[in-house]
Amino acid sequence: MRILIVTMFQEGKGGGTARVPFDMAKAFSKKHNVALICAGKKTSIKKESEKLSILMLSGKQKEKFSIPYLTKKNKDAIKDFTNCFSPDVIHAHEPFYLGRYMQSLALKNNIPFFYTGHILPLKPLEFSVPKTLIPLAKVLQKLFTKHYLKHFFRYCNGVVALNKASFYEHSLFLDKSRIRIISNGKELSAFRLKKKAKQKDKEKRFTFIGYISSRKNQLFLMKSLKHLENNAKLHLIGESIDHNYYRQIMNYKKENKLNNVLFRGNVPHSEIADEFSKTHIFVSASRMEVQSLVIIEALASGTPVVALSNETVDELISEKNGARLSQNSSPERFADEIKRILKLSQKDYNYMCRHAKEASKQFDWNIILEDTVKMYNELKANIKKTKISSKFLFSIESMSTKLMQILA
């Protein structure tokens with residue numbers, strides 16, 4: 001099969017979700033011919049391997065993010081690249097801007113179009129804006145949801161929902177027969193091979209990995225630390241995307257003299273497996289995660305997880321591999337679950353670690369590839385050939401462009 005994957009991200013820019021299209025392209029190219037369109041420093045084509053070609057589009061760089069320009073030059077490059085590759089399917093990872101443009105191209109050329117929902121369609125902007133802008137985001141997303149997404153989903157042959165929560169929200173926009181629950185894939189061998197921290201270790205290390213933002217809720221973790229022994233160390237890995245929130249938690253650290261909280265900043269993804277090997281418990285108070293890749297990586301490394309309920313935690317975490325607490329739990333209650341795990345014998349802790357690894361097996365790329373290709377074959381004829389007016393396509397693309405300009 002000839003699969004064209006589309007993302008507006010640049011490789012190495014953005015969080016875990018931004019890595020998925022690149023990992024997917026490399027994994028799928030082991031058995032299929034794959035092309036990838038993404039952002040880049042300049043518009044150019046790279047031959048990654050015999051079965052993987054990449055078109056990079058010049059665009060706007062902003063901190064860790066990159067938005068490709070849809071100039072005439074870039075649109076011509078996209079059309080030439082797509083025509084030359086002649087895809088059987090186009091698979092986008094964002095519902096706006098470049099993803100929307102590729103959907104219009106798919107419609108014009110009768111190419112089946114698929115989309116993976118990395119955001120929840122009823123809360124699309126809350127995943128990417130600072131807390132101070134959430135009131136504006138809620139107004140924008142109401143308009144975005146009502147007038148934009150219903151048109152976008154109307155012309156998707158199929159939609160990938162990452163879990164049951166995502167499936168439910170997408171089912172409000174399109175018929176359930178066009179939705180498949182397929183997880184993100186992960187190459188996890190590097191995590192499974194690492195040694196684990198020991199219960200007898202004098203220093204107990206807890207780790208959270210993710211951008212510093214109010215949605216990730218690192219302040220809650222810091223408050224929990226006050227209820228633990230002095231040998232507890234909290235490592236917060238990740239850069240700030242909400243500077244007001246970062247100042248708030250730094251002030252809290254200073255006021256409460258929390259010298260056992262370490263802000264590590266960005267750590268290369270190639271070193272994350274080593275971080276887990278030194279971690280006794282992965283902790284998360286994140287309020288919303290469609291599918292947290294770091295929790296999957298933590299489980300693969302055999303690290304128990306203590307976390308507040310969210311879309312990922314509800315699906316993967318139990319007493320067998322950690323602890324799942326309700327969103328309204330107190331920091332003290334959170335700390336109690338950490339203490340419970342720390343008191344386990346080495347034998348019982350190892351048992352929990354084995355269950356953690358077991359929970360990660362479903363994310364193997366071979367399983368994801370098989371399920372995804374099955375979806376393509378089942379749904380590629382799902383949308384009847386429809387003549388879409390150029391006026392309609394222009395209005396939807398314009399709305400998508402304006403949204404990206406606001407966010408940028």
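Me: What should I know before I start?

Reply: In this predicted model, local features need pLDDT of at least 70 and side-chain atom pairs count only at pLDDT 80 or more, while totals for chains, interfaces and linings use all residues. Residues are numbered from 1 along each chain as its sequence is written, and side-chain values use heavy atoms, with hydrogens and water left out.

Me: What is the strand order in the open sheet of eight strands?

Reply: Strands are DSSP E runs of at least two residues, helices H or I runs of at least four, numbered from the N terminus. Two strands pair if DSSP finds at least two bridges between them. Here the order is 3-4-2-1-7-8-9-10, with mixed pairing.

Me: Why is one side of strand 3 and of strand 10 left without a neighbour in the sheet?

Reply: Strand 3 (44–49) and strand 10 (179–181) stand at the edges and each has a single partner strand, so one side of each has no neighbour there. Strand 10 runs parallel to strand 9 (residues 158–161), joined by three bridges. In one of them, V159 has I179 as its partner in strand 10.

Me: Where is K253, and is it buried or exposed?

Reply: Buried means under 20% relative accessible area, exposed over 50%, partly exposed in between (1.4 Å probe, protein chains only). K253 sits in helix 8 (residues 243–255) and is buried.

Me: Which backbone oxygen lies 2.9 Å from a polar atom of the K253 side chain?

Reply: That of L258.

Note on methods
Lys, Arg positive; Asp, Glu negative; His and termini not counted. Salt bridge = Lys/Arg side-chain N within 4 Å of Asp/Glu carboxyl O. Polar contact = N/O pair within 3.5 Å; in protein donor to acceptor, adjacent residues only side chain to side chain.
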